[in-house]
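Work through the two exercises below with the structure open. Each one gives a task and then a solution in steps.

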Amino acid sequence: MTTTYDILETRSPDAREAALMAALPGQVAYAQRQAPAFARILDGVDATQVVDRAALAKLPVTRKSELQALQQAARAEGGSVFGGFSALGFGAAMPRVFASPGPIYEPEGTGRDYWRMARAIFAAGFRPGELIHNSFSYHFVPAGSMMETGAHALGCTVFPGGTGQTEQQVQAMRELQPAGYIGTPSFLKIILEKAAEMGVTIPSVTKAMFGGEAFPPSLRDWFSDRGVDGYQCYATADLGLIAYETTAREGLVLDEGVVVEIVRPGTGDPVAEGEVGEVVVTTLSAGYPLVRFGTGDLSAVLAGPCPTGRTNTRIKGWMGRADQTTKVRGMFVHPKQVDAIAKRFPEVGRVRLVVSGEMANDAMTLLVEVAGQPDGLAGRVGEAIRDVTKLRGDVQLVVPGALPNDGKVIEDARSYR
């Protein structure tokens with residue numbers, strides 16, 4: 001019995017890395033040539049030299065939080081609705097365009113499994129010839145289409161249930177008897193509770209793939225008690241599939257079609273394995289060639305391979321948001337400013353800016369990991385805080401390893417009562 005979607009999942013890590021790095025120069029050159037936004041962002045970059053992760057890490061990060069403003073600015077100037085990030089234009093090559101909250105507009109290209117979702121659907125237990133009840137939205141956002149095209153690529157039939165109309169969802173499940181469900185975990189919970197209220201059983205639904213929301217162990221157990229084996233995937237409207245859960249339930253395995261880095265929030269600097277940071281993705285997609293796209297999500301690499309035999313890197317899953325920008329005494333303080341302060345002092349390790357006090361009476365303390373108590377360091381760091389942020393802040397030196405490994409660069413500990 002086949003336990004993986006294809007042979008790519010079990011190739012040696014060295015072979016995978018070689019293939020991904022071999023694809024990088026062409027993808028960077030393609031983005032420069034076909035996407036005007038990347039022609040500007042990567043101006044002066046020699047794509048032929050982007051042959052490893054060290055070279056990739058030197059390229060700028062374009063963050064999702066910036067994408068809306070870039071798209072709006074381009075439209076205001078009469079330019080592309082996609083802000084110059086799409087390599088496709090309206091027509092046969094782009095059958096659909098979507099709008100995520102913001103709005104941020106995303107193109108959908110052609111080709112089998114454009115969003116690369118079939119791999120995650122397979123890992124969740126679905127097989128060719130089955131019927132899937134898809135309750136992701138089919139309007140505005142791409143989620144419904146992402147899952148449907150992946151299911152079709154796997155060889156499954158899809159019922160486009162979409163959202164809402166809970167009683168009709170129950171009726172469709174009872175009569176069509178799908179093998180499983182794809183959608184948010186909260187909506188399947190609502191459907192199953194409604195079915196119980198109606199006195200209806202839907203025993204055919206024994207598996208599910210979830211996305212769009214957190215899927216804690218307590219909810220996983222709730223479904224398991226009702227005969228549903230649920231797994232989660234990590235995908236975005238910009239990038240498609242990034243990672244997916246397997247039967248091992250030990251983190252999420254990275255997709256085979258993306259290059260993923262974990263960087264220090266507010267920077268483009270990769271962190272050490274196991275350290276929490278922002279998920280930055282370079283997609284090998286031809287239609288939407290995003291290079292070093294910062295998702296704004298926090299995660300960390302898990303050591304070792306997946307027990308299922310899949311050899312790709314694993315991440316811990318979603319661990320919060322990386323954009324920790326906060327306002328102190330009427331002025332915004334950004335993670336990249338905290339990083340700029342730390343980089344002035346080579347002897348300094350990790351840092352964390354803690355904002356405390358009450359509203360209108362803010363206090364900033366920069367916690368600095370450093371070996372020993374270097375003479376005068378606290379004073380010099382304090383001067384750097386004023387120089388970079390234009391605000392005064394205290395400095396507290398702590399031993400290496402004292403700060404939590406949670407990806408936080410700025411901690412807002414103020415009282416809002």
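The model is predicted: local features need pLDDT of at least 70 and side-chain atom pairs count only at pLDDT 80 or more, while totals for chains, interfaces and linings use all residues. Residues are numbered from 1 along each chain as its sequence is written, and side-chain values use heavy atoms, with hydrogens and water left out.

**Exercise 1.** Describe the largest pocket and its lining.

Step 1. A pocket is an open set of points on a 1 Å grid over the protein atoms alone, where a 1.4 Å probe fits, with protein on both sides within 12 Å along at least five of seven lines; lining residues have an atom within 4 Å of a point.

Step 2. The volume, meaning the space filled by probe spheres set on the points, is about 1100 Å³.

Step 3. The lining has 35 residues, and G211, G212, E213, Y234 and A235 lie nearest the centre.

Step 4. Helices (DSSP H or I, at least four residues) and strands (E, at least two) are numbered from the N terminus. Strand β8 gives the most to this lining, with five residues.

**Exercise 2.** Describe the second largest pocket and the make-up of its lining.

Step 1. Its volume is about 540 Å³.

Step 2. Of its 27 lining residues, R53, L254, V260, V301 and T313 lie nearest the centre.

Step 3. Two or more residues come from each of α1 (13-34), α3 (53-56), β11 (258-263) and β14 (301-302). β11 gives the most, with five.

Step 4. Count Ala, Val, Leu, Ile, Met, Phe, Trp, Tyr, Cys and Pro as nonpolar, Asp, Glu, Lys and Arg as charged, and the others, Gly among them, as polar. The lining then divides into 17 nonpolar, four polar and six charged residues.
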